[in-house]
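Please keep the sequence and the coordinates side by side while reading.

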Amino acid sequence: MKKITYFFGAGASWGVLPLVNDIGGSLTGTANRIEEILTEKKKNQETKPDEIKCFEGIVKDFKWLASNESRYDSVDVFARQLYNQGKQLELKRLKYVLSLLFTILQSENEVSKRHNTLLISILGHDTNGGQKFPDEIKILTWNYDSQIELAGMSNFEVSTLAELQKHMAVYPRVEISPIRKSPDIVHMNGIAGLYETDYNQAPKINDLFRNLKSDLKAIVGSIYFSYESNEHDTTLFDHIFSFSWETKRYDKMMMEYAKKIASETEILVIVGYSFPAFNIDADKQIFGAFTDKLKDIYYQDPYPKSKEYLFRTYFIDSRVNLHLDQSKGSFLTPVQLGAY
């Protein structure tokens, strides 16, 4: 099979999670729903003062980020400004709030059908008869959601992301441990969420992803203790949610892995990506790593950038064939791409 790389933008998770421009509204709406739960808890004399304090803190943080995000094109742009200004504590606060939000939203919904269908269509079998992620397919994603991992948990029948990453080589990793091979999946901004690790035993949070479609009251009842113990201290998960323009060792590794994948790619499938200005430097590095092996680009997006813009901005070889697909349906599969 030809070597295929899927290149995901926020639109790849459309229908399950908010697009970049909708995150502010999602923060406000979720904060309002948590406030309703908080009002009920305040009426209950058995509710502990510390619990009320934590819920009030979560609501305050959600509204803080929603208010600031509204003054920028996206929450990513706000994060970049905090980084440029050296406001590390506020950047940690932003990451923590987004991790809470994405944990809530993904626990409330079923996993994306499109991600699940893609995995079902590409997974093969190893010599022991178990399922195996194919060596010929890679995924580069700008999304800090866990949809591809959650789909993997279902297909490999495991219950934690750490277990899943033993079957699928994902970078960055939940566990702070060396990766044994070049990754199959690279999250360019890391992954936002609260996860059970060797350093953070969080069984209540872990249960959320075992039982998707939980109601908000049950979800916040599981996550509030994490807020109480951390209060924006992202030490335990900062390694897994780290924007591509940060300069820590694992951020540099993300780009090195991405460029290695690009250099071997024969077919590129771009899904739901608007090529935002704040990613342009990183995107140029990735596209600059493609070689004459790249023959075809399939661009699946309802509102794609023009061929002229893409080829001019990212110096794509004119011999590469661009195929536009403006559908919102399932991701294109290797069979549809003529990759066999």
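Contact, as the word is used here, means heavy atoms within 4.5 Å. The model is a predicted one, in which local features need pLDDT of at least 70 and side-chain atom pairs count only at pLDDT 80 or more, whereas totals for chains, interfaces and linings use all residues. Residues are numbered from 1 along each chain as its sequence is written, and side-chain values use heavy atoms, with hydrogens and water left out.

The protein chain holds 12 helices and nine strands, where helices (H or I, at least four residues) and strands (E, at least two) are DSSP runs numbered from the N terminus. Of its 340 residues, 56% are buried; buried stands for under 20% relative accessible area, exposed for over 50%, and partly exposed for what lies in between, with a 1.4 Å probe and protein chains only. Among contacts between residues at least 6 apart in sequence, 76% join residues at least 24 apart.

The C-alpha atoms of Ile4 and Leu268 are 5.9 Å apart, although 264 residues separate the two along the chain. Ile4 is buried, with a relative accessible area of 1%, and, when neighbours within four places in sequence are set aside, its contacts are Glu136, Ile137, Lys138, Ile267, Val269, Pro334, Leu337 and Ala339.

Is Asn279 buried or exposed? With a relative accessible area of 4%, Asn279 is buried. Its contacts, again leaving aside neighbours within four places in sequence, are Trp142 and Tyr273. With the side chain of Tyr273, the side chain of Asn279 makes a polar contact of 3.1 Å, a term for a pair of N or O atoms within 3.5 Å of which, within protein, one must be able to donate a hydrogen and the other to accept it, residues adjacent in sequence counting only if both atoms are side-chain atoms.

Turning to the helices, α1 and α2 pack with their axes 9 Å apart and at an angle of about 160°; axes are lines fitted to C-alpha atoms, for helices over the stretch in contact, and angles run from 0 to 180 degrees between N-to-C directions. α1 and α2 are therefore roughly antiparallel to each other, the word for angles over 145 degrees, while those under 35 count as roughly parallel, 65 to 115 as roughly perpendicular and the rest as oblique. For α3 and α4, the axes come within 8 Å and cross at roughly 155°, so this pair is also roughly antiparallel. The contact between them is made by Val75, Phe78, Ala79, Leu82 and Tyr83 of α3 and by Gln88, Glu90, Leu91, Leu94 and Leu98 of α4.

In soluble globular proteins, nonpolar side chains tend to be buried together. A nonpolar core is a set of buried Ala, Val, Leu, Ile, Met, Phe, Trp, Tyr and Cys residues joined through side-chain atoms within 4.5 Å. The largest one here has 40 residues, of which Phe62, Leu65, Leu94, Leu98 and Tyr144 touch the most other members. α1 (23–43), α2 (49–69), α3 (75–84), α4 (88–108) and α9 (216–230) each supply at least two of its residues, and α4 gives the most, with 10. Apart from this core lies another, of 34 residues, including Leu150, Leu161, Ile240 and Val269.
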